[in-house]
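Here is a short report on a structure for a reader meeting it for the first time. Follow the text with the model in view.

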Number of protein chains: 2
Amino acid sequence: MTTEALNRLKTAEAEKITHLDYFNIGISVDCVIFGFEKKELKVLLIKSDLEEFADKWSLLGDLIDPFEDLDSAPYRVLKQRTGLDDVFLQQVGSFGEVKRHPSGRVITTAYYSLINIRNHQLKITDNEVHWHTVADVKDLAFDHKKIMDACLKRLRVQAMDEPVVFNLLPEKFSLRELQDLYQSILGIKLDRRNFRKKISLKSWLHDLDEMENNVPHRPGKLYKLKTGLKTTTL
Amino acid sequence: MTTEALNRLKTAEAEKITHLDYFNIGISVDCVIFGFEKKELKVLLIKSDLEEFADKWSLLGDLIDPFEDLDSAPYRVLKQRTGLDDVFLQQVGSFGEVKRHPSGRVITTAYYSLINIRNHQLKITDNEVHWHTVADVKDLAFDHKKIMDACLKRLRVQAMDEPVVFNLLPEKFSLRELQDLYQSILGIKLDRRNFRKKISLKSWLHDLDEMENNVPHRPGKLYKLKTGLKTTTL
DNA sequence: AGGATTTGTGTACAAATTACACGTTGTTTG
DNA sequence: CAAACAACGTGTAATTTGTACACAAATCCT
């Protein structure tokens, strides 16, 4: 340990930070689990279990197990909380400010996940866990708002050039639903005609009616993602 | 701890992994420090201090101090190793496979840094530390090759839409130097005329001759980054 | 001095982005 | 049930960006 660290320790003592065990650093993972429903991007949150954050919501997370790979931990958390196995999950970054956790030093690695809220496997057993509209989330426990924002930013970038958002939709969907989804993620309105053109340029989609000979002007036309494109992990 | 973790512990015992203290997880940072010289992208490496990797090179890193923010640690490492203070540094990701470190469980967070090799402040004191051509690096100690590749990938993406690469160049440079730099980062050849057009579209650069009335056809024309655009941290 | 190489600049074509209009289907409602 | 309204599906023109490619002046090499 450097003398600098010792100085910081003295500072901590002077500030009477005595309830912390700063020399035993905890490691956790936190999951930002996104869903999509009623034209709104949602995030799965749980009531904070700390007195300090009694009224606040927090991300789903856990300390990592000594014998589990870091990148495996979020899968475990997701399985425990949602019952889902085969999910899109991606590491976003690690957050390790000294005082980010009130009861001790914990460094956390954040992951973001995209799941289909209407998935039949999905089981939110714990009644302390709820879906929240992302746009309405103003404040969270710990630095979880910052973490959520980082994940949202990553999602926005990724949604533009990889077919990840389809993890949020059912197998079949209309272009309108897809556009609503993109709008809720990006937080902006998109031109309907240009959006359709741009999507078809990427050639990710399969027109479910295309086998039938030209059926023109059918509102609510359904599409699905071409097989092999669905990203569950990266 | 979950029963799953206990099972893994039993497995470890069965495999006679006795020299590890897997229940005390270490936390480190590793820095992928890029430089640019003689038209080649370089990376700063140090001889591994572990027997297991006696012949191999490794990234510059250190365990974090108990009283230091995670994102501050790489600045400390860089200051100690290069003498540089004001550097571009960005977190890339965390690597935490159980068996990534032979002498115990260590989770590391990787950062990439861009520095000017010809910076007068730069002092590589330690003679175990050397610059290596990135393209020639085949294997490193631990999982450091994987980490370096992740940082290189990030650099490639970032170089395309943010003016980060100028941290690798002196204040004044020719477009030829800039193109060589981009080519060494991306690993591909670029068309000279199209590269110039693309760069000028971004309007990052300031033509040092532009105040003088039209001086045509001057090879080796110098440019510099517009003030306020240099990114040292993100 | 002459030839090869490098530097600076510009043009023509293809592809993608943006702005914008029309006819049809489905829904609401008086 | 029909008229008014909203949403759906498709297309076209103008602009911007990307790509391929050619020539003249300056520098380098022998």
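A:His132 touches A:Leu41, A:Lys42, A:Val43, A:Leu45, A:Trp57 and A:Val137, leaving aside residues up to four places away in sequence. Touching, or contact, means heavy atoms within 4.5 Å. A:His132 sits in strand β7 (residues 129-133) of chain A. Helices (H or I, at least four residues) and strands (E, at least two) are DSSP runs, numbered from the N terminus. Is A:His132 buried or exposed? A:His132 counts as buried because its relative accessibility is 18%. Buried means under 20% relative accessible area, exposed over 50%, and partly exposed in between (1.4 Å probe, protein chains only). A:Lys56 is 76 residues from A:His132 along the chain, with 12 Å between their C-alpha atoms.

This is a predicted model: local features need pLDDT of at least 70, side-chain atom pairs count only at pLDDT 80 or more, and totals for chains, interfaces and linings use all residues. Residues are numbered from 1 along each chain as its sequence is written, chains are lettered from A and ligands numbered from 1 in the order in which they are written, and side-chain values use heavy atoms, with hydrogens and water left out.

Chain A has five helices and ten strands. Of its 234 residues, 49% are buried. Among contacts in chain A with a separation of 6 or more, 66% join residues 24 or more positions apart.

Next, the cores. A nonpolar core is a set of buried Ala, Val, Leu, Ile, Met, Phe, Trp, Tyr and Cys residues joined through side-chain atoms within 4.5 Å. The largest one holds 42 residues, and A:Ile64 and B:Ile64 touch the most other members. These elements of chains A and B each give two or more residues to this core:

| Element | Chain A | Chain B |
|---|---|---|
| β1 | 26-37 | 26-37 |
| β2 | 40-47 | 40-47 |
| α2 | 73-82 | 73-82 |
| β6 | 106-114 | 106-114 |

Another core, of 41 residues, lies apart from it and includes B:Phe36, B:Val43, B:Trp57 and B:Leu59.

Chain A is assigned domain 1 (20-158) and domain 2 (169-225). The bounds come from an automatic or database domain assignment. Their centres, taken over C-alpha atoms, are 30 Å apart. Eight residues of domain 1 and ten residues of domain 2 make the contact. Together the two domains of chain A bury about 730 Å², 64% of it on carbon and sulfur atoms. Buried area is the accessible area (1.4 Å probe) that two parts lose on being put together, summed over both.
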